[in-house]
Amino acid sequence: MVFSCMRVTRRDAGRACGTPKRASGLDRAVNDLVVKGRLFLPDGRIERGGFAVKGGRIVELGAHVSGARTADHGERLVVPGAIDPHVHFRDPGHPEKEDFGSGTRAAALGGVTTVLDMPNTVPPTFTREALEDKLARASAKACVDFGIHLGLDEKGDSLALLPEATSMKVYLGATTGNLLVRDMALVRRALEAAAAARRTVVFHAESQACLDAHADLLTDEYPTHATARPDRCEAEAIEALAHAADATGARVHIAHLSTAAGLATLARSFTAEVCPHHLLFDRDRLREGGRFKMNPPLRTPEDMQALWSALADGRIACLASDHAPHTPHEKATERARSCPAGVPGVQTLLPVLLPHRERVGLPRLLDASVAAARIFGLSRKGALAPGMDADFAVYDLDAPRPVRTAEMASRAGWTPFEGLAAVFPTHTYLRGAAVVEEGAFVGENVRGRFVKPE
Ligand SMILES: [Zn+2]
């Protein structure tokens, strides 16, 4: 038997479907896989149900779908694969820190099925040659799907490549790599080009003028990394952007929002992401050294509370890891200024937040883990609904365990979340193919594909 609602819209997905009708013998056999469990549905409800997969896509939702194989996950939670719009996989340039193979393996083990890679690789993703080289590397090694953020070079030549990339990243403040843009007229041109190409532009929002004004506060003591990058630098950058973006029609996305001041200046038309490290650690952790140094820096408990509130009510739409691996040796230096900024996090993105789900509500947290699909126009990602790619992960919320470095697949070889309670997925699937089963990586033969807005 199949139910008569073969096509379920996002609005009524999961609603009890109409009268059952008899399927032909042929129909019965066509679906490749049936998945059952407690499903996170597009309308935000979590309900016992099932879906059928054919050719890598979800084709049908309902309690009585049929297929060649059935994976019944019982009371476990089945959710769309998370989308991490902010990873630095160091490929090309620093394979000792990460590449698309190790980085996407970490992603899959954390339930992430699509990553968007940042352009501050070596060389940076400014040219057609660099874009094609990165695409070839990722296509050969990635075991989850991937998008590529284009960088913005100082002449704006890269803007012509926007239709071939997933999106663009612009740095308004200096951080790893030298991709800083100070010229707001160029930013305006980028926003106009992105609007025409229907691409979202991501901003690292720390005003360089503000950072320069506070540079004297920086010493080789780690806590000064936070005081030398105060909250007003974030607010000033977002304010300047609101001005630059005015009337361009561009979609502006603020990376790693970290302060109450930045949040207060966030234009209603902008979207923003938040990272687990800004939600879970305050700036006192910088006393422990380089493993808590990243940009923007860790903030005050009041900022953390403001981020949680904004995540709960949707002013912050989206989660992101800002996965930025560096070697343990680099992070162990006693001299704060010579320690590179950034921490790994793609494998722990949703797992370390699931134990805190009551703070925002489980449906809201899960929605934030897939919101990047909407923000970046990835129309086949981010929902368990007919027509979508069958990218999903399975969680047993009753089985948290501590984060352990030995279980991290990133070449970084360490994690700032060591020892924190986490819920890792038992299974991760990409377009219907298992990449993780019972917590173990099985995706050697699974290859991710490039994604961009259609
Ligand atoms: Zn970043």
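**Questions on a zinc site and its surroundings**

Student: Why does His88 count as buried?

Tutor: Its relative accessibility is 6%. Buried means under 20% relative accessible area, exposed means over 50%, and partly exposed lies in between (1.4 Å probe, protein chains only). His88 at 6% therefore counts as buried. A caution on the source: this is a predicted model, where local features need pLDDT of at least 70, side-chain atom pairs count only at pLDDT 80 or more, and totals for chains, interfaces and linings use all residues. Residues are numbered from 1 along each chain as its sequence is written, and side-chain values use heavy atoms, with hydrogens and water left out.

Student: What makes Asp322 buried?

Tutor: Its relative accessible area is 8%. That is under the 20% limit, so Asp322 is buried.

Student: How do you know which residues coordinate the zinc ion?

Tutor: Donors are N, O and S atoms within 2.8 Å of the metal (3.2 Å for Na, K and Ca). His86 (NE2), His88 (NE2) and Asp322 (OD) sit at 2.1 to 2.2 Å from the zinc ion. They qualify as donors. Water is not among the atoms, so the site may look incomplete.

Student: What spacing do the donor residues have in sequence?

Tutor: H-x1-H-x233-D. His88 lies in the loop between strand E7 (82–87) and helix H2 (100–109), and Asp322 in the loop between strand E14 (318–319) and helix H11 (328–331). The pair therefore ties together parts that are 234 residues apart in sequence. Helices (H or I, at least four residues) and strands (E, at least two) are DSSP runs, numbered from the N terminus.

Student: Why are E4 and E5 called paired?

Tutor: Two strands pair if DSSP finds at least two bridges between them. Strand E4 (residues 46–54) and strand E5 (residues 57–61) share 4 bridges and run antiparallel. They form a hairpin with 2 residues between them. Gly55 in the turn has a positive phi of about 60 degrees.

Student: What makes the Lys381–Asp389 pair a polar contact?

Tutor: The two side chains are 2.8 Å apart. The rule asks for a pair of N or O atoms within 3.5 Å; within protein, one must be able to donate a hydrogen and the other to accept it, and residues adjacent in sequence count only if both atoms are side-chain atoms. Lys381 is also buried, at 5% relative accessible area.

Student: How do you know that the length of helix H7 agrees with expectation?

Tutor: The expected span is 1.5 Å times one less than the number of residues. For the 15 residues of H7 (residues 231–245) that gives 21 Å, and the end C-alpha atoms are 21 Å apart, so the two agree.
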